[in-house]
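Good morning, colleagues. Please have the sequence and the structure open before you as I speak.

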Amino acid sequence: MTLARHRALIVDDEPDIRELLELTLGRMNIDTEAAATLAEAQAALERGRFDLCLTDMRLPDGSGIELVERIQRSHPELPVAVITAYGSMESAVQALKAGAFDFVSKPVDLGVLRNLVQSALRLRETEYPGRDRRSRLQLLGDSPAMREIRATIVKLARSQAPVYISGESGTGKELVARLIHEKGPRADRPFVAVNCGAIPADLMESELFGHRRGSFTGAVADKEGLFQAANGGTLFLDEVADLPLHMQVKLLRAIQERAVRPVGAQKEVAVDVRILSATHKDLAALVREGTFRQDLYYRINVIELRVPPLRERREDIPLLARHILERIARNTGMRMPALADDALQALQDYPFPGNVRELENILERACTLAEGEVIRAEDLRLPPPAPLEEGAPAGGLEPGTVPLEEYLERIERDAILKALERTRYNKTAAARLLGITFRALRYRLKKLGLE
């Protein structure tokens, strides 16, 4: 049985460009059909099935954007890539927002073109009937906001456009990024996440782009950077607002040129990565203040996806709480506790400045402190409400940052230490006093660093 060859539609009114694209794709064993106008492209789409469409931005009877929008309406499964004039980033961004899969600039870099084509064909392969694309990751919640986010993730996964994921700390921005990766054509390639705020400034360039042996003190061997580690896949830049200005310039170049220069290297190294980024800070405000480059902001923020705080989707709290309790019980070997009505009501009334991460901490602590197998409101140890002025910090920092988690952990730590003291550090007796299993106590001791 002979497998059907892939087919691509090439739309460009310049014969030389059409010939170059047809020749390049032909060498990749892809059949091509050419069209010089929007009308010819529409007729070709009505006649046959294609696996990929490459279109110029400027056509005699319209624009590539119009073709992208038409294909989105009538053939949403068909990946479309646009060919833009050199340096015309605004047109590229407009095409990506209209639904284009990706773009390539003139003069066409054949290496970039081949990577683009391969990614587009992988996208089609992931959509064949019978292929299991279910992810082990879950974005829980049945609120309208979460249903909309899940639908948006599916759309974003089909594109190669940079996505900026905004939202408060603890809302699950990295989970959203991983889902975008797993549901797209790069799912079998690396997903590399980096916290930009956790890398020392003097090591950041080496971490992102790599270095050559002898380029600085301590560089005893060549080292690949995170861009190279993510080659073919996705690079997730978490807390991108923490990048110093000099690194913002280098990042912008790497994204635009699709290449990086390792520290100490003479030449750039081509990389094929999709960029996803996130921060809990207001990037637009940082641009106005001059601490974040406007050109980089527009480059990474082609599409923004906002992850809502937990207080805006309170109807999801019962489902989230049940899922978290099931996981705690599975990890500790304890029987899953039930949430009393007053505890569930207390959770739904609480503003959750730390969002889902705080809900996890509260329930983990409650599992340790609750007597028996029912968690009541008093077992939650919820902090008293502390009204704040608009934008005012809590405890010296923004709501949802470290001090709140440390406060919650302190309560749990104190309860465990008191139980250990009362039982003269007999862990079995301390677990019984706390109303939890010995395995659950060991889990909590390890997590809190008390072993």
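Arg381 is partly exposed, since its relative accessible area is 36%. In this predicted model, Arg381 sits in the loop between strand S18 (374-375) and helix H16 (402-422). Its backbone deserves attention: phi of Arg381 is near 50°, a positive value in a residue other than glycine. As background, most residues other than glycine have a negative phi, and most peptide bonds are trans.

Phe352 also has a phi near 50°, again positive in a residue other than glycine. Is Phe352 buried or exposed? With 0% relative accessibility, Phe352 counts as buried, because the limit for that class is under 20%. Phe352 is located in the loop between helix H14 (341-349) and helix H15 (355-369).

The peptide bond from Lys106 to Pro107 is cis, with omega near -10°, and Pro107 belongs to the loop between S7 and helix H5 (110-126).

Side chains of opposite charge can pair when their charged atoms come close. Asp102 forms a salt bridge with Arg258, with 3.4 Å between the closest N and O atoms. Asp102 lies in strand S7, while Arg258 is in the loop between helix H10 (245-257) and strand S13 (259-260), so this pair ties together parts that are 156 residues apart in sequence. The two partners fall into separate accessibility classes: Asp102 counts as buried at 7% relative accessibility, whereas Arg258 is partly exposed, with a relative accessible area of 21%.

A second pair is Glu168 and Arg311, whose side chains meet in a salt bridge at 2.3 Å, N to O. This pair links distant parts of the chain, 143 residues apart: Glu168 is in the loop between strand S8 (163-166) and helix H7 (173-182), and Arg311 is in the loop between S16 and helix H13 (317-332). Glu168 counts as partly exposed at 28% relative accessibility, and Arg311 is partly exposed at 33%. Elsewhere, salt bridges that share partners join Arg7, Glu33 and Arg47 into one network.

Arg49 and Asp51 also meet through their side chains in a salt bridge, at 2.9 Å from N to O. Asp51 is buried, with a relative accessible area of 5%. How many salt bridges are there? The count comes to 21.

On the surface, Glu40, Asp61, Glu66 and Glu69 gather in a patch of negative charge. Glu40 lies in helix H2 (residues 38-47) and counts as partly exposed, at 41% relative accessibility.

Finally, I turn to the chain as a whole. The protein chain has 18 helices and 18 strands, and buried residues make up 48% of its 451 residues. Among contacts between residues at least 6 apart in sequence, 70% join residues at least 24 apart. The chain exposes about 22,500 Å², and carbon and sulfur atoms supply 49% of that area.

Terms used:
Residues are numbered from 1 along each chain as its sequence is written. This is a predicted model: local features need pLDDT of at least 70, side-chain atom pairs count only at pLDDT 80 or more; totals for chains, interfaces and linings use all residues. Side-chain values use heavy atoms; hydrogens and water are left out. Patches are made of residues with over 30% relative accessible area and no salt bridge: like charges are joined within 9 Å, nonpolar side chains (Val, Leu, Ile, Met, Phe, Trp, Tyr) within 5 Å. Accessible areas come from the Shrake-Rupley method with a 1.4 Å probe; for residues, only the protein chains shown count as cover. A salt bridge is a side-chain nitrogen of Lys or Arg within 4 Å of a carboxyl oxygen of Asp or Glu. Lys and Arg count as positive and Asp and Glu as negative; His and the chain ends are not counted. The place of a charge is taken as NZ of Lys, CZ of Arg, CG of Asp or CD of Glu. Helices (H or I, at least four residues) and strands (E, at least two) are DSSP runs, numbered from the N terminus. Buried means under 20% relative accessible area, exposed over 50%, partly exposed in between (1.4 Å probe, protein chains only). Contact means heavy atoms within 4.5 Å.
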